[in-house]
Amino acid sequence: TFTFSSSRSKMQRSLEGVEVRDTKASLDAETEDDNTAFHSAVRSGDPARVQLLIDAKGDINAKDEDGMTALMCAAFEGRYPLVQLLIDAKADAHVQDKLGYTALMWAASNGHNRSMQLLVDAKADIEMKNEDGKTALLIAVKNGSAECVKLLIAAKADLEVEAEGGMTALMWCARNSRATCAQLLIDAKAD
């Protein structure tokens, strides 16, 4: 079994003599709570632990029981240094979980504009839709995150996109009393 510690050198010493094939299998194995080593490392918030797993060539895009990747977990939790680390290691920003959410959508749902900016800069698809037909913009508006809405407007998100039921971002604002988001959309010429 794999024992993690915050000390990179201690971790490396624990790997000495272990065949790469065995290490890879351990890295990608799921724990009792259906997490991989990457998921656990991201949730710990320890960049050294995540980097060690990247260096050991674990499956950076492995999914947990909900279909979430380590990048989604980092974006969900607003751990933007880990988002950057995973993007740099070529984590796939276009993977969708069981609800159809991407890392960008999870960042938008929690108002994590720094993580969103990193994902937008990495060319995450801002127009992907979840199973409810919502894009990151609709999710940011629904949650009242003006900074995230501003970021997506600047990234040229489709302001007229409709979720299931025909609701546009501006309609969501009106329905949910999101005056600041509504003003941003109006200023950007949304209908």
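Mentor: Start with accessibility. A residue counts as buried under 20% relative accessible area, exposed over 50%, and partly exposed in between, using a 1.4 Å probe and protein chains only. This is a predicted model, so local features need pLDDT of at least 70 and side-chain atom pairs pLDDT 80 or more, while totals for chains, interfaces and linings use all residues. Residues are numbered from 1 along each chain as its sequence is written, and side-chain values use heavy atoms, with hydrogens and water left out.

Trainee: Is E77 buried, exposed or partly exposed?

Mentor: E77 has a relative accessible area of 29%, so it is partly exposed.

Trainee: Which residue meets E77 in a salt bridge?

Mentor: First the rule: a side-chain nitrogen of Lys or Arg lies within 4 Å of a carboxyl oxygen of Asp or Glu. Here the partner is R43, at 4.0 Å from N to O. The two sit in distant parts of the chain, 34 residues apart: R43 in helix α3 (residues 37–44), E77 in helix α5 (residues 70–77). Helices are DSSP runs of H or I, at least four residues, and strands are runs of E, at least two, numbered from the N terminus. R43 is also partly exposed, at 32%.

Trainee: Which residues are linked with R43 and E77 in a network of salt bridges?

Mentor: D64 and R79 join R43 and E77 in that network.

Trainee: How many salt bridges does the count come to?

Mentor: Five. One of them joins E147 and K150, at 3.4 Å from N to O. Both lie in helix α10 (residues 146–154), three residues apart, about one turn of the helix. E147 is partly exposed at 43%, and K150 is partly exposed at 42%. Another joins K134 and D132, with the closest N and O atoms 3.9 Å apart. There K134 is buried at 11%, whereas D132 is partly exposed at 34%.

Trainee: What describes a pair of aromatic rings?

Mentor: The distance of the centres and the angle of the planes. Rings of Phe, Tyr and Trp (its six-membered ring) pair if their centres lie within 6.5 Å; planes under 30 degrees apart are stacked, over 60 edge-to-face, the rest tilted. The count here is two aromatic pairs. In one of them, F76 and W106 are edge-to-face, 5.2 Å centre to centre with 75 degrees between the planes. This pair also links distant parts of the chain, F76 in helix α5 and W106 in helix α7 (residues 103–109), 30 residues apart.

Trainee: Is W106 buried or exposed?

Mentor: W106 is buried, at 14%. F76 is partly exposed, at 34%.

Trainee: Which residues form the aromatic cluster?

Mentor: F76, Y101 and W106 form one cluster.
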